[in-house]
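Me: Hi! Could you walk me through this structure?

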Amino acid sequence: MPGAEYYRKQAQLCAQLALISSGHLVISRYNTLALEHLAKAAELDASTEVTTPAMCRPGDERRDMDGD
């Protein structure tokens, strides 16, 4: 699955295409795609921050809970 940076680049490309397009429907579609790509990038950023486990050695979890 592509990462957040991929979706940000796609959003930028769609926004640039919207700027050089002349038809209102095409401009609207490119802008919609840009927003959808940005939303997907934000979603991936958020899920990466939450689901990335911290690396620790076995037994470290218990020591942290005890306050040692």
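Reply: Happy to; here is a short tour, starting with the ground rules. This is a predicted model, where local features need pLDDT of at least 70, side-chain atom pairs count only at pLDDT 80 or more, and totals for chains, interfaces and linings use all residues. Residues are numbered from 1 along each chain as its sequence is written, and side-chain values use heavy atoms, with hydrogens and water left out.

Me: Thanks! How many helices and strands does the protein chain have?
Reply: There are three helices and zero strands, counted as DSSP runs (H or I, at least four residues, for helices; E, at least two, for strands) and numbered from the N terminus.

Me: And what share of the residues is buried?
Reply: Buried residues make up 15% of the 68 in the protein chain. Buried means under 20% relative accessible area, exposed over 50%, and partly exposed in between (1.4 Å probe, protein chains only).

Me: Switching topic: how many aromatic pairs turn up?
Reply: The search of the whole structure finds one. Tyrosine 6 and tyrosine 7 pair edge-to-face, 5.2 Å centre to centre with 80° between the planes. Rings of Phe, Tyr and Trp (its six-membered ring) pair if their centres lie within 6.5 Å; planes under 30 degrees apart are stacked, over 60 edge-to-face, and the rest tilted.

Me: Is tyrosine 7 buried or exposed?
Reply: Tyrosine 7 is buried at 14% relative accessible area, while tyrosine 6 is partly exposed at 40%.

Me: Where is proline 2, and what is it in contact with?
Reply: Proline 2 sits in the segment before helix 1 (4-20). Leaving aside neighbours within four places in sequence, proline 2 contacts Tyr7 and Leu44, where contact means heavy atoms within 4.5 Å.
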